[in-house]
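Thanks for coming, everyone. Please bring the model up on your screens. I will keep this brisk.

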Amino acid sequence: MEERISIITPDHVELDFELSGIGSRLLAFIMDQILLYLGILTIVLLMMLAGTLNVFSETTQQWSGTVAATVLTFIIFFLNWGYFVLFEALNKGQTPGKRWAGLRVVLDSGLPIGWREAALRNFVRIADIMPPPACFVGGLAILLSKRGKRLGDLLAGTMVIREDFGQTARGGTARWEAAWIARAEKGRFGKSIVLADMKIEAGQMQMVKRFLERRDSLPLVQRQNLAWKIALPFLKSMGEDPVELEKHSDRYIVCERVLSDILNRANAVIRPDATAQNDTADSKREQWSAFDREIADIAKSGVRGLRLLRPNHLVRIITSYRQLAGDVARARSLGRDSVLVRRLNNTAIRAHNVLYGHFRARTRAGGPPWFVRFPIAVRAHAIAVAFSALMLFGPSAITFVAVQSHPDLGYDLVPGGFLDFEPARDVSLHDIPGLSRPVAASTIMTNNIQVTLLAFGLGMTAGLGTCLILITNGMQLGAVAGWMTSRGSSRALWGWIMPHGGTELLAIVLSGAAGFILASALIAPGNVRRSVALRHVAKDALAIILGVMGMLVVAGLIEGFVSPSSIGYPARIAVLSVTLTGWFLYLGFAGRE
């Protein structure tokens, strides 16, 4: 993993980004998890307090309890799965934990991420934390990747960088540095600075400056050794005898005084045109500071801040950005680690994101909405859909036959809750009271969506995790069906499953297909790199998983309200027929021209 990368933007500006290490990312993740669980705990305590204080009247207490339980189920689910997506999409790649650690998620181009990238990198987080909670897969991917990418970053085309806008903005710029850039801008560029009879290279000048800025934080022995080594080439020109000085115990104090004198002379720019040089340097420093403040103000206002600018003001900002980009290129001759280069580079990054992130957001908003892309993507990946169906229904059929033929297998394959289960009525397994149905529906929805997200995210394990999810669920379904059939309860089982089962099973198949789409890009990327292949299929995979979530909301409502109702068998068959017909018409024909 590299510590820093350079990106050439489409407008031919070179920007440097410092990649975050695995340690800082882990700290940010831990902080986010603490905030997440504190949020959940706070909500639970508030609801418990409301119940303890009898806020609700007796006539509405039962309904309020139902509503509270339903809302709590949704809140916990959306916090667990939506916390990272929401913050990264709305806050341009920063969660509270990342903000605290000084990190930000950006695109490979350096631009801010959007909803699509935030969703993709976080929906496959389950693959990165394997085996939970060790995060071994994600950590290994970060260490082995050139840009420190976990699997989610590979899929979304993102990377995590260190961001220190605040620190670099507070850092001062020496006058000699600004004068150096101003002379280079006018074509009088040299590789050294002449002070009196000394010729000091720009790199040496930077070394002097950085030592004097950091000397108080250095251990005494290291400080003395560095002072001697850095000052030694200049001692004779500054009127000191190096041979004689080496015999004195206070030579380190003299060396630091010499280095301070050199920096003061450089800032004074002692030349025949000193006044003009100083004016130019001060003007250049003020130009940088003013542009940094202006860009920071626009960035705080978001897209709206850029839209409110007058045309002549926008042209002036773009012109200033071009000048700054040139200054960054000229400043790199002083060394990429110099405070000036980092300050100008970070200002250029912020300006680039403000200007071009806005245009990209408008371009990205085009195209059909996700509910139109969903059926198009399903049809485009029919082979993945077929393979997913095979992985789910194949094991289901095998275990159904096995349990029917050898009932003893049921004790090994059937969940304990179904071994001695007695149906509530002959056409339904459960009889859920009316007040409990919203809670049941919300629990069913969130659980099913979580399973489908697992099947999708584990596609980043080359499809092995997706196969495991599908095969496990298929075996469980077949085993329960075989067991209930052998006990004479098949009518109640299928009466329960039919209303919602068509939608639910189809959604699981499609989520598995989305996972296999990712797996195919990893296993057989074709003539491109795997990261490129993943980005090519990411749009379709995300459209499918978003569509699946919508399907599972419908299935959860049916399972919570219709399946446990007292409607007869014909009505249940009708619900199954209508929903399946609707889904197949939608997936087969929607979005066709």
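**Cavities and aromatic rings**

Start with the residues that line the second largest cavity: Gln 287, Trp 288, Phe 291, Ser 320 and Leu 324. Keep in mind that this is a predicted model.

How much space lies in that second largest cavity? About 30 Å³. The count of cavities of 30 Å³ or more comes to 2. A word on the idea: rolling a probe the size of a water molecule over the atoms shows where empty space is left.

Which helices supply the lining? Helix 14, residues 274-301, and helix 16, residues 311-331, each give at least two residues to the second largest cavity. Helix 14 has the largest share of that lining, with 3 residues.

Step back to the whole chain. The protein chain has 26 helices and 6 strands. There are 593 residues in the chain, and 48% of them are buried. Now take contacts between residues at least 6 apart in sequence. Of these, 75% join residues at least 24 apart. The accessible surface is about 28900 Å². Carbon and sulfur atoms account for 62% of that surface.

Next, the aromatic rings. How many aromatic pairs does a search of the whole structure find? The search gives 7. One of them is Phe 387 with Phe 516: the ring centres are 4.8 Å apart and the planes are at 70°, so this pair is edge-to-face. The cut-off behind that call is an angle over 60 degrees.

Where do the two rings sit? Phe 387 is in helix 19, residues 382-405, and Phe 516 is in helix 24, residues 490-523. The pair therefore ties together parts that are 129 residues apart in sequence.

Are these two residues buried or exposed? Phe 516 is buried, at 9% relative accessible area. Phe 387 counts as partly exposed, because its relative accessibility is 36%. For reference, buried means under 20%, and exposed means over 50%.

Now look at Phe 84. Phe 84 forms one aromatic cluster with Phe 29, Tyr 83 and Phe 87. What sits over the ring of Phe 84? The charged end of Arg 125 does, 4.1 Å from the ring centre.

There is also Trp 228 to look at. Over the ring of Trp 228 sits the charged end of Arg 251, 5.9 Å from the ring centre.

One is the cavity lined by residues including Trp 288 and Leu 324. The other is the edge-to-face pair, Phe 387 and Phe 516. Thanks.

Conventions:
Residues numbered from 1 in each chain as written. Predicted model: local features only at pLDDT ≥ 70, side-chain atom pairs only at ≥ 80, totals over all residues. Heavy atoms only, no water. Phe/Tyr/Trp six-rings, centres within 6.5 Å; stacked < 30°, edge-to-face > 60°. Helix = DSSP H or I, 4+ residues; strand = E, 2+ residues; numbered from the N terminus. Buried < 20%, exposed > 50% of the residue type's maximum accessible area, 1.4 Å probe, protein only. Lys NZ or Arg CZ within 6 Å of the ring centre and 35° of its normal. Contact = heavy atoms within 4.5 Å. Areas by Shrake-Rupley, 256 points an atom, 1.4 Å probe, with all protein chains shown as cover. 1 Å grid on protein atoms, 1.4 Å probe; cavity = no way out; pocket = protein on both sides within 12 Å on 5 of 7 lines; lining within 4 Å. Points joined across faces, edges and corners; volume = space filled by probe spheres on them.
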